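Reader: I am new to this structure. Can you show me how to read its features, one at a time?
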Amino acid sequence: MPETATYTACERLRDGSQVEIRALQPEDEADMLAAVGRTSAQSLQRRFFVMKRGFSENERAFFMNIDFSNHVALVALAQEDGRTVIVGGGRYIVFEAGRAEMAFVVVDAWQGRGIGSILMRHLVEIAGNAGLQELIAEVLPENKAMLKVFAKFGFKPASRRDPQTVHLVLKLA
């Protein structure tokens, strides 16, 4: 999907500030790692389900080498102290024909402003345009904010594979 690799849109947050939503690029790696460094251990644990402060070379390659067909990743960029920084990201990864798993993370200082919802809206639209039929997500039960975002977009709880997570499903038209 070449057009998804150059995807970009401008959005306004609830507080009136502006963010750019765009495709993750290979040159974003340092900024992504900086965003991880500005994200609390609790937020990272809610995203990765384990305590995480760094990434192996293999993990870094996995998160940065996006094909925009089976692995689509968007970032949210905003102004912080006069510079443009990554303040959040979302992605989906196709795990079987027509089905993909989604995940999101927002830097703590930017949580509660609507970034997760904006990223979700863009990724759901891209997934629908790509012909996917179903999106799934695994969310920790204590991550109430993310559960609310998924519910707002019509994700429904489904049978659990793991009793420690909430399994959510969205059927796309």
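Reader: Is aspartate 15 buried, partly exposed or exposed?

Author: First, a caution: this is a predicted model. To read exposure, look at the relative accessible area: under 20% is buried, over 50% is exposed. Aspartate 15 has 45% relative accessibility, so it counts as partly exposed.

Reader: Which residue forms a salt bridge with aspartate 15?

Author: The partner is arginine 113, with the closest N and O atoms 3.3 Å apart. Aspartate 15 sits in the loop between β1 and β2, and arginine 113 in the loop between β5 (99–106) and α5, so the pair ties together parts 98 residues apart in sequence. Arginine 113 is partly exposed, at 24%.

Reader: How many salt bridges does the structure hold?

Author: There are six. One of them joins the side chains of glutamate 11 and arginine 121, at 3.0 Å from N to O. This pair also links distant parts of the chain: glutamate 11 is in strand β1 (residues 8–12), arginine 121 is in helix α5, and 110 residues separate them. Glutamate 11 is buried at 15%, while arginine 121 is partly exposed at 36%.

Reader: Now strands. Which strands pair with β3, and in what sense?

Author: To read a pairing, look for the bridges and the direction. Strand β2 (residues 18–23) pairs with β3 in the antiparallel sense over four bridges. β3 and β4 also run antiparallel, joined by ten bridges. Leucine 77 in β3 shows both pairings: it stands opposite glutamate 20, and its bridge partner in β4 is isoleucine 86.

Reader: How many residues of β3 are buried?

Author: Nine of its ten. Take histidine 71, which lies in β3 and is buried at 6%. Its side chain makes a polar contact with the side chain of arginine 91, at 2.7 Å. Leaving out residues up to four places away in sequence, glutamate 80 touches Arg38, Val85, Val87 and Trp110.

Reader: What is the phi of aspartate 81 in the hairpin of β3 and β4?

Author: Aspartate 81 takes a positive phi of about 55°, although it is not a glycine. The hairpin has two residues between its strands. Aspartate 81 is exposed, at 78% relative accessibility.

Reader: Where is phenylalanine 68, and is it buried or exposed?

Author: Phenylalanine 68 is in the loop between α4 (57–64) and β3 (71–80). Its phi is near 60°, again a positive value in a residue other than glycine. Phenylalanine 68 is buried, at 5%.

Reader: Last, the core. How many residues are in the largest nonpolar core?

Author: It has 49 residues, and those with the most contacts inside it are Tyr92, Met102, Met120, Leu135 and Phe150. Helix α5 (residues 115–129) gives the largest share, eight residues. To see the packing, follow phenylalanine 150: beyond its neighbours within four places in sequence, it is in contact with Phe104, Met120, Ala137, Val139, Phe155 and Leu168.

Definitions and conventions: Residues numbered from 1 in each chain as written. Predicted model: local features only at pLDDT ≥ 70, side-chain atom pairs only at ≥ 80, totals over all residues. Heavy atoms only, no water. Buried < 20%, exposed > 50% of the residue type's maximum accessible area, 1.4 Å probe, protein only. Core = buried A, V, L, I, M, F, W, Y, C linked by side-chain atoms within 4.5 Å. Contact = heavy atoms within 4.5 Å. Pairing = 2+ DSSP bridges. Polar contact = N/O pair within 3.5 Å; in protein donor to acceptor, adjacent residues only side chain to side chain. Salt bridge = Lys/Arg side-chain N within 4 Å of Asp/Glu carboxyl O.
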